[in-house]
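My notebook is open and I have a few things to look up.

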Number of protein chains: 2
Amino acid sequence: MTLEEALALDAADPLAPCRDRFVQGEGLIYLDGNSLGQLPRATIEATGELVRVAWGEQLIRSWNEGWIDAPARVGAMIAPLIGAEADEVIVADSTSVNLYKLIVAALRQAQQRDPARKVVVSEAGNFPTDLHIAEGAVAAVAGAELRVVERGALADALGADTALLLLTHVHYKTAERFDMAGWTKAAQDAGALVCWDLSHSAGAVGVDLNAAGADLAVGCGYKYLNGGPGAPAFLYVAKRWQDLLHNPLSGWMGHAEPFGFADGYAAAAGMKRWLTGTPSVLGLGALESGLALWDGIDMAQVTAKSAALWDIFHAAGTAAGLECVTPQDPVKRGSHISFRHAHAYEIVQALIARGVIGDFRDPDILRFGLTPLTLSHADIWSAGQMLIEIVESGEYRRPEFAVRNAVT
Amino acid sequence: MTLEEALALDAADPLAPCRDRFVQGEGLIYLDGNSLGQLPRATIEATGELVRVAWGEQLIRSWNEGWIDAPARVGAMIAPLIGAEADEVIVADSTSVNLYKLIVAALRQAQQRDPARKVVVSEAGNFPTDLHIAEGAVAAVAGAELRVVERGALADALGADTALLLLTHVHYKTAERFDMAGWTKAAQDAGALVCWDLSHSAGAVGVDLNAAGADLAVGCGYKYLNGGPGAPAFLYVAKRWQDLLHNPLSGWMGHAEPFGFADGYAAAAGMKRWLTGTPSVLGLGALESGLALWDGIDMAQVTAKSAALWDIFHAAGTAAGLECVTPQDPVKRGSHISFRHAHAYEIVQALIARGVIGDFRDPDILRFGLTPLTLSHADIWSAGQMLIEIVESGEYRRPEFAVRNAVT
């Protein structure tokens with residue numbers, strides 16, 4: 001592809017106007033929106049006003065003027081992006097904390113139905129916090145255990161002792177995407193529940209939890225949803241489970257009457273029981289502002305543009321001699337692309353030095369987020385050219401590119 | 001006291017310059033800093049720059065430029081306010097979530113030492129989330145139970161089966177303050193650990209966890225520490241326990257190598273193991289800015305001014321015929337004052353209508369935060385005069401003051 005062809009795709013791109021709604025750094029091509037989404041321009045004023053007016057002037061009165069309902073209100077904004085009803089999603093805590101809540105709740109519910117159901121099945125190489133949290137969660141339920149198997153062994157691992165199948169929809173490293181409907185059915189056919197981690201798929205690809213019949217899900221606010229660094233996360237509980245599952249982190253914000261100040265805990269109805277402590281109001285405000293950009297966006301256009309961006313960058317990476325580890329079939333992947341190379345770290349650093357920000361994942365993966373709302377086809381073409389130059393010229397071999405950072 | 005006398009106290013007040021470091025609303029006297037602390041002026045620019053520059057321009061690179069260390073760095077800023085070493089405090093999640101971590105960890109540790117130690121003892125009428133979370137925490141440890149007793153029965157409740165004594169240092173309603181050293185000793189003499197909730201004492205009164213020999217503590221960032229609505233909370237683990245206690249919410253940020261991406265969990269050394277998911281960067285930034293105001297503040301002056309403000313408002317409330325439920329002895333209370341009145345709700349609403357913001361706590365408590373950094377003696381005198389007028393004139397009986405809000 002030539003630059004002219006990329007520019008022609010931009011000229012015909014219905015999502016092209018979205019790019020200017022984000023702060024775009026001079027000389028920067030940001031291919032890490034799958035790790036930390038870019039800053040929406042409107043969020044500068046929205047968070048500024050939240051601090052100056054809602055906190056600074058209205059102070060405690062703001063709890064009655066929008067803050068107390070923010071977890072449900074912002075959750076309802078996420079719902080259409082993941083195929084959920086508005087009252088099946090709420091925003092709270094971090095993805096890790098929400099995973100703990102749902103895994104423990106699902107284990108307890110499964111054991112009530114059948115004491116033999118005590119195993120959480122998950123995938124080796126799943127995003128580490130999912131496995132780490134599952135380790136912690138099984139320790140909180142007598143007899144429960146975690147079984148981590150390779151992707152190819154997942155189907156055989158489901159059985160009469162399975163309580164929960166815990167999968168990340170789009171793999172954080174390779175972008176491989178599970179067939180949500182197929183794996184939901186496989187778990188349920190085995191008598192288990194399924195919990196989907198949507199961190200790399202919400203806002204990246206079309207997700208339809210209800211169409212798949214999914215039971216539970218969690219996801220991240222700071223990637224494709226552009227909610228800001230450490231944005232609060234979300235959780236989804238299918239309506240049929242909402243009365244039957246209980247939050248082990250039974251804090252006051254999940255109480256039926258948080259301001260009744262009773263000693264005993266009584267779970268709120270619906271999704272509110274998944275709240276625990278006082279929510280992060282600044283985080284919720286930034287996330288709400290980021291989600292506002294999704295209003296009116298056609299996910300089919302997002303999916304189509306993601307595929308077009310992917311093709312451009314895939315061609316460049318391949319031309320540079322990198323090994324692509326992301327599936328070629330668009331329905332089998334998310335919206336990032338990963339390559340393997342023995343000098344992955346150094347190449348990523350050399351790209352950063354040129355203003356192309358991707359990231360490195362141990363031990364040998366180069367990962368690039370292709371976020372359709374914030375990037376043009378020409379951006380991807382230019383980044384691809386730089387990747388080719390850096391690899392072909394050996395530019396990445398400069399000593400400064402081997403220096404390791406705390407966060408890579 | 002006359003207004004002139006109050007103004008004379010202000011003229012001699014070494015903390016008087018602090019007041020202008022906060023946004024002060026025109027015609028507003030804010031006596032709710034114990035619920036949501038006021039906005040430091042510097043936080044407007046600090047959070048604005050965090051959004052515009054660190055997020056908007058530096059993007060993912062900011063993780064290597066201060067974000068990843070923020071939980072420990074901000075924790076170290078809290079340490080001197082609570083009598084802890086810098087490496088005994090870390091900022092994470094909410095107070096409720098942190099309570100869950102420490103209660104479960106303490107229960108498991110106690111049972112390792114002695115399987116008979118399985119009871120968490122706490123006080124009836126403690127802040128509800130402490131009791132609610134304790135309910136959830138005991139459910140995560142086989143055989144554990146929660147025993148909630150009246151304050152007068154606490155000493156007798158400690159015994160050979162006690163794993164943990166869970167107390168809130170300053171009571172959220174009445175401002176009664178426990179003798180930290182005495183109750184720490186009582187718990188330890190009984191062979192138990194103690195966990196202090198410092199939400200209403202950090203930044204309100206002098207706290208010395210190390211001098212008291214305390215084991216564990218949690219506390220809130222959005223009250224006297226002025227960290228903003230829903231600010232992240234902190235937790236403290238005495239150095240002697242740091243290797244022996246484990247975070248049940250074992251997420252990737254508490255891993256020894258978060259960016260090694262291993263499947264198995266391995267706890268980080270020191271306080272980092274108490275992190276769970278990706279921290280709220282916006283929340284940490286606002287909290288850090290709020291804590292910067294405490295640098296160089298003499299807690300003895302804070303304590304003395306708190307007592308002076310208390311005396312002024314106590315005299316007013318008593319003159320208005322309200323029943324004070326806060327102890328008269330300054331060492332037996334925090335930095336708020338509470339009164340009981342059958343029309344507490346309406347009086348609070350009438351005060352708010354006049355620009356004096358306190359709060360109501362079910363069923364009949366009027367509560368007023370006396371925050372020495374943000375308030376002058378004249379502020380308190382004026383608020384006291386309005387309280388007297390509202391009660392004596394029956395102004396609070398207007399029908400609009402009986403309308404209930406979601407958050408009171």
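This is a predicted model: local features need pLDDT of at least 70, side-chain atom pairs count only at pLDDT 80 or more; totals for chains, interfaces and linings use all residues.

**Entry: two helices in chain B**
I started with helix α1 (residues 3–11) and helix α12 (residues 377–393) of chain B, whose axes lie 7 Å apart at an angle of about 155°. Angles over 145 degrees count as roughly antiparallel, so α1(B) and α12(B) are roughly antiparallel to each other. Next I looked up who touches whom: from α1(B), the residues L3(B), A6(B), L7(B), L9(B) and D10(B) meet H377(B), A378(B) and W381(B) of α12(B). Sorted by class, this contact has 6 nonpolar, 1 polar and 1 charged residues.

**Entry: helix α3 of chain A**
How far apart are the end C-alpha atoms of α3(A)? I found 19 Å, which agrees with the 18 Å that its 13 residues (70–82) should span at 1.5 Å a residue. I also noted a bend of about 25° at A76(A), with a proline, P80(A), following within four residues. Just after the helix, G83(A) has a positive phi of about 70°.

Then I checked burial. The buried residues of α3(A) include V74(A), I78(A), L81(A) and I82(A). The helix's buried residues pack against β2, α8, β8, α9 and α10 of chain A.

**Entry: a proline in a loop**
Is P115(B) buried or exposed? I found P115(B) in the loop between α4 and β3 of chain B. Its relative accessible area is 65%, and exposed means over 50%, so P115(B) is exposed. Last, I compared P115(B) with A175(B): they are 60 residues apart in sequence and 36 Å apart in space, C-alpha to C-alpha.

Note on methods
Residues are numbered from 1 along each chain as its sequence is written. Chains are lettered from A and ligands numbered from 1 in the order in which they are written. Side-chain values use heavy atoms; hydrogens and water are left out. Axes are lines fitted to C-alpha atoms, for helices over the stretch in contact, and angles run from 0 to 180 degrees between N-to-C directions. Angles under 35 degrees count as roughly parallel, over 145 as roughly antiparallel, 65 to 115 as roughly perpendicular and the rest as oblique. Contact means heavy atoms within 4.5 Å. Ala, Val, Leu, Ile, Met, Phe, Trp, Tyr, Cys and Pro count as nonpolar, Asp, Glu, Lys and Arg as charged, and the others, Gly among them, as polar. The expected span of a helix is 1.5 Å times one less than its number of residues. The bend at a residue is the angle between axes fitted to the seven residues ending there and the seven starting there. Buried means under 20% relative accessible area, exposed over 50%, partly exposed in between (1.4 Å probe, protein chains only).
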